[in-house]
Amino acid sequence: DPNPRLRRTMPPAAALMGELLEDPFLRLSPELVEEVFFRLPPDEPACLAHASAVCKPWRRILADVGFRRRYRKFHGTPPVLGLFQRGDWLFRKGSRLVPTSALFPAQPDHPDWFAMDCRHGRALFARIWDTSVLMVLDPVSGHQRLVSSPYIHPVSFNAAPVSFSAAVLCAAQGCDHHGCQGGHFRLAVVTTNDVQEVTSGWLYSSETRVWSELTSVHHPNVRFTNLAAPSVLVGDALYFNLDGIIQCQLGTLCLSMLEKPIDGNGTLMATQDGLLGFAAVVDAAYLTLWSREAGPKGAMGWAKLRIIDLEALLPVGAMSLTLEFRRRVHALVISSIAEGTQIIFVIARAGSYMVDLESGRVRPVSSLCRKIFPYMSFYIPAMEAACAGQEQ
């Protein structure tokens with residue numbers, strides 16, 4: 001038999017529940033609890049899941065559609081929840097999503113699809129060696145939509161080299177893009193013919209299901225660019241990073257070409273002021289940022305913003321190249337930038353890293369040195385589980 005003295009010192013279960021209910025934090029008003037929940041980091045959905053398991057009143061708060069809307073508005077820019085790693089077009093290796101946060105829904109690989117773009121909670125793919133079909137994916141719900149492409153890439157080694165790039169974006173006017181992945185979208189396709197020295201473009205609306213042809217732009221001495229050149233959305237224009245910068249005006253359906261601030265590799269970005277920017281690694285490990293803005297006489301040009309020593313931010317040994325070799329090749333490459341943030345993705349000798357230029361925080365995200373498309377969206381697993389039957 002148990003020790004009767006020990007049994008007398010153990011509080012009954014009812015007493016333990018009473019102590020739990022007397023916890024001052026659990027007796028806060030729903031308004032104050034909401035304010036606390038607003039401060040939970042959106043890039044760690046597990047925090048909200050743990051909070052929902054504490055008690056039923058908290059679960060009801062997290063299950064409220066209004067809370068979800070206010071939570072997204074409080075944080076503004078959606079967080080990075082995962083990374084689509086581009087496969088290899090030549091060797092028919094598809095794309096896969098690598099989650100960067102816990103509790104994100106498991107994602108199947110896409111062995112037959114090549115990642116092209118990620119924006120506004122959607123991911124865009126093209127079939128490997130077949131640009132006749134595009135796929136728009138919502139990674140949270142798993143919903144897919146196939147769209148016939150306006151351009152079919154010739155499957156022939158005798159055909160003229162043509163670069164094929166595409167972008168996806170929300171079609172709603174005035175949308176804050178906090179949770180619009182279930183609405184209408186637009187697609188943009190840009191191709192450059194290396195022989196004809198002409199860049200052509202098309203714009204698609206999921207509402208009308210029609211492709212509109214954009215004006216073409218002719219530019220001599222164009223060089224063939226690999227498939228799926230990255231893009232950035234700034235204002236009412238998409239910019240594609242080809243041999244030059246292709247500007248696609250969404251309102252007027254016009255294409256034009258801009259010069260880069262430097263020759264060589266680099267990544268387009270949107271600056272904190274909402275202007276077109278450019279980032280490139282100069283002198284092995286120094287990241288240089290530019291902004292395209294009006295000069296003293298009104299002419300548009302590139303202005304240097306800042307220079308950042310990436311080697312000082314990355315872990316020791318991430319570059320692992322001798323000084324002599326680094327002088328001849330770029331030890332670091334900017335893979336991509338999360339739109340609307342100061343988060344960049346750097347490919348180094350030891351793998352890929354996510355670098356927050358604002359806080360200086362660095363974390364490894366992949367051991368593979370592949371092109372990355374950040375997937376940005378809000379995901380509240382506690383709410384999804386508690387609001388079965390409600391709008392997602």
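Is Arg-70 buried, partly exposed or exposed? With a relative accessible area of 34%, Arg-70 is partly exposed. Welcome to this predicted model, in which six salt bridges are found.

**The salt bridge of Glu-34 and Arg-70**
- Glu-34 and Arg-70 join their side chains in a salt bridge, with an N to O distance of 2.7 Å.
- This pair ties together distant parts of the chain, as Glu-34 sits in helix 3 (residues 30–38) and Arg-70 in helix 6 (residues 65–75), 36 residues apart.
- Glu-34 counts as buried, because its relative accessibility is 16%.

**The salt bridge of Glu-35 and Arg-39**
- Between Arg-39 and Glu-35 there is a salt bridge whose closest N and O atoms are 2.7 Å apart.
- Arg-39 is exposed at a relative accessible area of 51%, while Glu-35 is partly exposed at 36%.

**The salt bridge of Arg-119 and Glu-339**
- The side chains of Arg-119 and Glu-339 also form a salt bridge (2.7 Å, N to O).
- Arg-119 lies in strand 3 (residues 113–119) and Glu-339 in the loop between strand 20 and strand 21, so this link spans distant parts of the chain, 220 residues apart.
- Arg-119 is buried at 5% relative accessibility, whereas Glu-339 is partly exposed at 23%.

- Six bridges connect strand 21 (residues 343–348) with strand 22 (residues 351–356), and Phe-345 has Met-354 in strand 22 as its bridge partner.

Definitions and conventions
Residues are numbered from 1 along each chain as its sequence is written. This is a predicted model: local features need pLDDT of at least 70, side-chain atom pairs count only at pLDDT 80 or more; totals for chains, interfaces and linings use all residues. Side-chain values use heavy atoms; hydrogens and water are left out. Two strands pair if DSSP finds at least two bridges between them. Helices (H or I, at least four residues) and strands (E, at least two) are DSSP runs, numbered from the N terminus. A salt bridge is a side-chain nitrogen of Lys or Arg within 4 Å of a carboxyl oxygen of Asp or Glu. Buried means under 20% relative accessible area, exposed over 50%, partly exposed in between (1.4 Å probe, protein chains only).
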